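The following questions and answers go through the fold of one protein chain. Each answer works from the structure shown here.

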Amino acid sequence: MIERLAASRCPVCGLVAAPPARWCPRHPVEMARASVAGAGEVISFTTLHSPPAGFRSPLHIALVELAGGARFICHGAETLGLRIGSRVAIEAVGDVYYFSHLGAMDRVRLFWSRAGHAGERMNAIARSLAKRAWKGRSRGEG
Ligand SMILES: [Zn+2]
């Protein structure tokens, strides 16, 4: 089962942003609410062996691209068997995204409910990783 994730779409250039943004990052046009299927392809992934306090080690993180082109930094229970190009399911828990091999979402749900609430710090990590992951990909934008 694949979830729908909240997103926004630019009515002018068609850019899909997720999580949803009010303004298109390309020009001052207000974006419309949209949703995207919570499944995509792994672009890159990494494992933090010394994650910040409060997180279990190792901490697995993947950069996942959806069919519409939106990219998510996701956290997951494992990267075992994960490859660049792997298809994974994405689930949003608050502002934090979790990836899982398709079909294993229930297991991940269990894992993260046990891991407890660490969303705020998780977001901070996701943002810093996103910056690193996208460095060199963007051509001086943003
Ligand atoms: Zn636009």
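Predicted model: local features only at pLDDT ≥ 70, side-chain atom pairs only at ≥ 80, totals over all residues.

Q: Which elements make up the chain, from the N terminus on?
A: The secondary structure comes to two helices and eight strands. Read from the N terminus, the elements run β-β-β-β-β-β-β-β-α-α.

Q: How many bridges join β4 to β7, and which residue in β7 stands opposite E41?
A: Strand β4 covers residues 39-48 and runs antiparallel to β7, with three bridges between them. Within this pairing, G40 stands opposite V88. The residue opposite E41 is R87.

Q: In β5, what is the bridge partner of V42?
A: β4 and β5 pair in the antiparallel sense, over eight bridges. In general, strands of a sheet pair through backbone hydrogen bonds, either parallel or antiparallel. The β5 partner of V42 is V64.

Q: In the hairpin of β7 and β8, which residue takes a positive phi?
A: β7 and β8 run antiparallel and are joined by six bridges. One of the pairs places A89 with S100 in β8 as its bridge partner. The hairpin has two residues between the strands, and the positive phi, near 65 degrees, belongs to G94.

Q: Which residues touch the most other members of the largest nonpolar core?
A: The largest nonpolar core has 23 residues. At least two residues of this core come from each of β1 (4-9), β5 (59-66), β6 (71-76), β7 (87-93) and β8 (96-101). In soluble globular proteins, nonpolar side chains tend to be buried together. The members that touch the most others are A62, V64, F72, C74, I90 and F99.

Q: Leaving aside neighbours within four places in sequence, what is I90 in contact with?
A: I90 is among the core residues that touch the most other members. With neighbours within four places left aside, its contacts are L5, G38, A39, G40, V64, F72, C74, Y97 and F99.

Q: Is M31 buried or exposed?
A: M31 is placed in the loop between β2 (16-17) and β3 (32-37). Residues up to four places away not counted, M31 touches S8, R9, C10, A17, A21, R22, W23 and C24. Because M31 has 20 C-beta neighbours inside 10 Å, it counts as buried.

Q: How far apart in space are M31 and P11, C-alpha to C-alpha?
A: M31 and P11 are 20 residues apart in sequence. From C-alpha to C-alpha, their separation in space is 6.5 Å.

Q: Among contacts between residues at least 6 apart in sequence, what share joins residues at least 24 apart?
A: The chain has 142 residues, of which 25% count as buried. Of the contacts between residues at least 6 apart in sequence, the share joining residues at least 24 apart is 49%.

How values were computed:
Residues numbered from 1 in each chain as written. Core = buried A, V, L, I, M, F, W, Y, C linked by C-beta atoms within 7 Å. Buried ≥ 20, exposed ≤ 12 C-beta atoms within 10 Å, placed from the backbone. Helix = DSSP H or I, 4+ residues; strand = E, 2+ residues; numbered from the N terminus. Contact = placed C-beta atoms within 7 Å. Pairing = 2+ DSSP bridges.
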